[in-house]
Amino acid sequence: MILALAGGVGGAKLANGFAKILDPDQLLVVVNTGDDFEHFGFPISPDLDTVTYTLAGMNNAEAGWGLAGESWEFMNALERLGGEGWFRLGDQDLATHVMRAKFLNEGQNLSDVTARIARRFGILHPIVPMSDQRVRTVVETETGKMPFQIYFVRERCVPVTKHIHYEGANEAVPSEKFAAALDRDDLSSIIICPSNPLLSVAPILALPEVRGRLISHNAPVIAVSPIIGGETVKGPAAKIFRELDLEVSALGVARYYGDLLDGIVIDSKDAALASSISEVGPQTLATRILMQSSSDQIQLAREVMEFSKLLSRRDDRGVGET
Ligand code: FO1
């Protein structure tokens with residue numbers, strides 16, 4: 001069984017690649033909820049929705065969020081009434097937020113709500129939030145502290161980042177399915193998908209004991225770099241790495257994750273970094289990691305699984321001992 005930790009767009013794509021080649025009982029996708037927020041009274045869970053819509057094959061691939069073929073009558077009517085329009089809620093997407101609000105108000109937890117919605121989208125592979133408790137990514141910038149969506153969408157990631165907080169993480173616990181997966185000794189690998197390390201993966205690692213349990217787990221922990229050739233594929237990871245004095249490269253990603261990783265998958269164009277990366281610790285697989293099609297997603301998922309088997313064999317033989 002594979003445990004995949006995913007955030008936004010890149011995470012959803014690789015999770016989709018795994019979903020295409022694994023049975024539902026061989027995969028668990030754990031999703032970041034640090035981006036969640038309340039908007040017009042609706043509980044918005046962007047990364048859960050991006051993963052759900054992507055596995056349902058209904059995602060808007062151009063935007064990287066929301067549903068394909070959306071209409072915007074609700075937003076037009078909202079703005080006519082003077083409502084804020086910076087966070088776009090499509091007419092079909094709105095139904096997801098309405099039903100999530102309804103289910104949560106009935107007292108269901110976010111894991112159960114997510115499962116109900118995913119099932120309605122015909123998804124058989126389990127998608128779970130990292131936690132059922134509230135964790136909020138807050139970006140501290142030179143112009144003040146702001147909630148994630150204000151920074152990411154309204155301010156378009158322009159403010160200079162000074163520090164990122166994951167409010168509530170210390171008081172939260174991993175969701176039941178996430179915790180159960182960490183207790184399994186038949187995990188073949190734990191994959192950190194190519195999501196923003198600081199915005200999409202860090203909230204998951206900030207949950208108590210998660211980092212320690214990943215490190216001590218017998219399954220290899222492998223990250224796929226979200227940075228290729230010094231730039232992010234999508235989103236502000238490169239800018240934030242620069243602002244936080246982290247090297248903007250796959251080596252910087254390896255250093256950021258540190259002793260958590262047994263392996264890292266980098267793009268072929270970054271292959272020269274492999275020796276420097278091995279000094280940080282992880283083994284390196286250099287291959288094509290840009291996913292521009294469904295077949296790219298499947299190909300990368302397969303290669304990551306092969307890489308994981310190689311690392312497990314090395315561990316068994318003790319060759320990988322440093
Ligand atoms: N991102 C934007 O850049 N602009 C938007 O108007 C926007 C609306 C939106 C609505 C629902 C949803 O689930 C996601 C939405 N996102 C939007 C993306 C969202 O901010 C990001 O997906 C994550 O928070 C980061 O991965």
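**View 1. Cysteines C193 and C157 in the predicted model.** C193 is buried in this predicted model, with a relative accessible area of 1%. C157 is buried as well, and its relative accessible area is 9%. Both values count as buried because they fall under the 20% limit used for that word. A disulfide is a covalent bond between the sulfur atoms of two cysteines. How many disulfides does a search of the whole structure find? The search finds 0 disulfides.

**View 2. The salt bridge between D259 and R211.** Side chains of opposite charge can pair when their charged atoms come close. In this view the side chains of D259 and R211 meet in a salt bridge, with an N to O distance of 3.1 Å. D259 sits in the loop between α11 (250-257) and β13 (263-267), and R211 belongs to helix α9 (residues 210-216), so the pair ties together parts that are 48 residues apart in sequence. Are the two partners exposed or partly exposed? D259 is exposed, at 56% relative accessibility. R211 is partly exposed, at 29%. A search of the whole structure finds 13 salt bridges.

**View 3. The salt bridge between R255 and E247.** R255 and E247 form a salt bridge in which the closest N and O atoms are 3.0 Å apart. R255 has a relative accessible area of 48% and is partly exposed. E247 is also partly exposed, at 36% relative accessibility.

View 4. K309 and E306 are joined by a salt bridge, and their closest N and O atoms are 3.2 Å apart. Where do the two residues lie? Both are in helix α13 (residues 294-317), and they are 3 residues apart, about one turn of the helix. K309 is partly exposed, with a relative accessible area of 40%. E306 is partly exposed too, at 48% relative accessibility.

**View 5. A patch of positive charge on the surface.** Which residues gather in this patch? They are R116, R119, R120 and K177. Helix α5 (residues 110-120) supplies the largest share of the patch, 3 residues. K177 lies in helix α7 (residues 176-183). At 47% relative accessibility, K177 is partly exposed.

View 6. F40 is not a glycine, yet its phi is positive, at about 55°. This residue is found in the loop between β3 (37-39) and β4 (42-44). F40 is partly exposed, with a relative accessible area of 36%. D245 is likewise a residue other than glycine with a positive phi, and its value is near 60°. Where is D245 found? D245 is in the loop between α10 (237-243) and α11. D245 is exposed, with a relative accessible area of 74%.

View 7. V128 is found in strand β5 (residues 127-129). Is V128 buried or exposed? At 3% relative accessibility, V128 counts as buried. Along the sequence, V128 and S200 are 72 residues apart. In space the two residues are 14 Å apart, C-alpha to C-alpha.

View 8. T143 is found in the loop between β6 (136-141) and β7 (144-147). T143 is exposed, with a relative accessible area of 63%. The C-alpha atoms of T143 and A6 are separated by 29 Å. These two residues are 137 residues apart along the chain.

View 9. D270 lies in the loop between β13 and α12 (274-280). Is D270 buried or exposed? At 8% relative accessibility, D270 counts as buried. D270 and A286 are 16 residues apart along the chain, and their C-alpha atoms are separated by 7.3 Å.

Key. Residues are numbered from 1 along each chain as its sequence is written. This is a predicted model: local features need pLDDT of at least 70, side-chain atom pairs count only at pLDDT 80 or more; totals for chains, interfaces and linings use all residues. Side-chain values use heavy atoms; hydrogens and water are left out. A salt bridge is a side-chain nitrogen of Lys or Arg within 4 Å of a carboxyl oxygen of Asp or Glu. Helices (H or I, at least four residues) and strands (E, at least two) are DSSP runs, numbered from the N terminus. Buried means under 20% relative accessible area, exposed over 50%, partly exposed in between (1.4 Å probe, protein chains only). Patches are made of residues with over 30% relative accessible area and no salt bridge: like charges are joined within 9 Å, nonpolar side chains (Val, Leu, Ile, Met, Phe, Trp, Tyr) within 5 Å. Accessible areas come from the Shrake-Rupley method with a 1.4 Å probe; for residues, only the protein chains shown count as cover. Lys and Arg count as positive and Asp and Glu as negative; His and the chain ends are not counted. The place of a charge is taken as NZ of Lys, CZ of Arg, CG of Asp or CD of Glu. A disulfide is a pair of cysteine sulfur atoms within 2.5 Å.
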